[in-house]
Amino acid sequence: MTPTITAFESSPDRGRGLARDMAVRWALEEVGQPYDVRLVSFAAMKQPAHLALQPFGQIPTYEDGDLALFESGAIVLHVAERHPGLLPDDADARARAIAWMFAALVTVQQPIVEREAFILMERDKPWFAERLPILDGRVRDRLTQLANRLGDADWLDGAFSAGDLLMVNVLRRPAAASLLGDYPNLAAYVARGEARPAFKRAFEAQHAVFAAASAGS
Ligand SMILES: N[C@@H](CCC(=O)N[C@@H](CS)C(=O)NCC(=O)O)C(=O)O
């Protein structure tokens, strides 16, 4: 069966490939699994039909036969477990790749998303100028630690894995990307991820939704 994922009908990122269906699209492209996309509006995401698939009223979701999944990381893991290419065969290496998936979505993404939300929601607050360097510092701590671990390797632990896919995707978020100039090996790591043909296909597919919506509006 061809799985169906959900994505924004009208993405607030204006086609920059930042919405989290990007990770799912990229994983499906990496393993060569075709997929359908159901576009949803913000209003539809909060309706019972979508909430039955995604209890928090968000995208992406993934449906394949009787299986319905939410959480981009869980979907990427599911895809990686069922197709060769995104997780090593060796059991220990596989466990380490999965650890990097968690590291990306929890340890690294958390301060990045916090900085992002702060800039978006609190820019006009009197405490903005004082607090921003604190949140910058938290992102920089993680980027420094990650840069030290990556060193001059191409990927985090041997061959490209679902851990790299999620990590690159997290580092593409503007709150991290804007600081990457100070971390040349991380900037090169993200560029390597974005140069993968599967990434490009996923990006173009997501961008096409934005382009079509813009042409129609
Ligand atoms: N942890 C979730 C986060 C999903 C998420 O934040 N989705 C955003 C788009 S990137 C969304 O649907 N936002 C709309 C909303 O929360 O109302 C995942 O990784 O799937």
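Student: Where is proline 60 placed?
Tutor: Proline 60 sits in the loop between helix H3 (48-51) and S3. Keep in mind that this is a predicted model.

Student: What kind of peptide bond joins isoleucine 59 and proline 60?
Tutor: A cis one, with omega about 5°. Most peptide bonds are trans.

Student: What surrounds the ligand?
Tutor: Ile59 and Pro60 are both in that set. Phe8, Ala19, Arg20, Phe42, Met45, Lys46, Gln58, Glu71 and Ser72 are there too.

Student: Which polar side-chain atoms lie by an oxygen atom of the ligand, and at how many Å?
Tutor: Take lysine 46 to begin with: a polar side-chain atom lies 2.6 Å from a ligand oxygen. Serine 72 also has a polar side-chain atom 2.6 Å from an oxygen of the ligand. For arginine 20 the distance is 3.2 Å.

Student: Glutamate 71 was on your list. What is its phi?
Tutor: Positive, about 75°, although glutamate 71 is not a glycine. Most residues other than glycine have a negative phi. Glutamate 71 lies in the loop between S4 and H4.

Student: How exposed is glutamate 71?
Tutor: Partly exposed, because its relative accessible area is 42%.

Student: And arginine 14, what is its phi?
Tutor: Also positive, about 55°, and arginine 14 is not a glycine either. That residue is in the loop between S1 and H1.

Student: Is arginine 14 buried or exposed?
Tutor: Exposed, because the relative accessible area of arginine 14 is 59%, and the cut-off is over 50%.

Student: New topic. What is the strand order in the sheet?
Tutor: S2-S1-S3-S4. The sheet is open, has 4 strands and shows mixed pairing.

Student: How do S3 and S4 run?
Tutor: Antiparallel, joined by 4 bridges. Glutamate 63 is opposite alanine 68 in S4. Aspartate 64 is opposite leucine 67 in S4.

Student: How many residues are between the strands in that hairpin?
Tutor: The hairpin of S3 and S4 has 2 residues between its strands. Glycine 65 takes a positive phi near 60° there.

Student: Which strands does H1 lie across?
Tutor: Strand S1 (4-8), S2 and S3. H1 runs at about 145° to S1.

Student: Now H4. Which residues are buried?
Tutor: Ser72, Gly73, Ile75, Val76, His78, Val79 and Ala80. Their cover includes H1, strand S3 (61-64), strand S4 (67-70), H5 and H7.

Student: Why does histidine 78 count as buried?
Tutor: Its relative accessibility is 10%, and buried means under 20%, so histidine 78 qualifies. Leaving out residues up to four places away in sequence, histidine 78 touches Tyr62, Leu67 and Leu69.

Student: What about arginine 172, buried or exposed?
Tutor: Buried, because the relative accessible area of arginine 172 is 11%. Its place is in the loop between H7 and H8.

Student: Which backbone oxygen lies 2.8 Å from a polar atom of its side chain?
Tutor: The one of glycine 17. Beyond four places in sequence, the contacts of arginine 172 include Arg16, Leu18, Met22, Glu194, Phe199 and Phe203.

Student: Which residues touch the most other members in the largest nonpolar core?
Tutor: Met167, Leu171 and Leu186, out of 50 residues in that core. Elements giving two or more residues to the core include helix H5 (91-121), helix H6 (128-150) and helix H10 (197-216).

Student: What does leucine 171 touch?
Tutor: Not counting residues up to four places away, the partners of leucine 171 include Val108, Leu143, Leu146, Leu186 and Tyr189.

Student: What does the second, separate core include?
Tutor: Ala19, Val40, Met45 and Ile59 are among its 5 residues. Ala19, Met45 and Ile59 are also among the residues that surround the ligand.

Student: Last one. How far apart are alanine 97 and leucine 156?
Tutor: In sequence, 59 residues; in space, 8.4 Å from C-alpha to C-alpha. Alanine 97 is in helix H5. It is buried, because its relative accessible area is 3%.

Definitions and conventions:
Residues numbered from 1 in each chain as written. Predicted model: local features only at pLDDT ≥ 70, side-chain atom pairs only at ≥ 80, totals over all residues. Heavy atoms only, no water. Core = buried A, V, L, I, M, F, W, Y, C linked by side-chain atoms within 4.5 Å. Buried < 20%, exposed > 50% of the residue type's maximum accessible area, 1.4 Å probe, protein only. Contact = heavy atoms within 4.5 Å. Pairing = 2+ DSSP bridges. Axes fitted to C-alpha atoms, helices over the stretch in contact; angles between N-to-C directions. Near = heavy atom within 4 Å. Polar contact = N/O pair within 3.5 Å; in protein donor to acceptor, adjacent residues only side chain to side chain.
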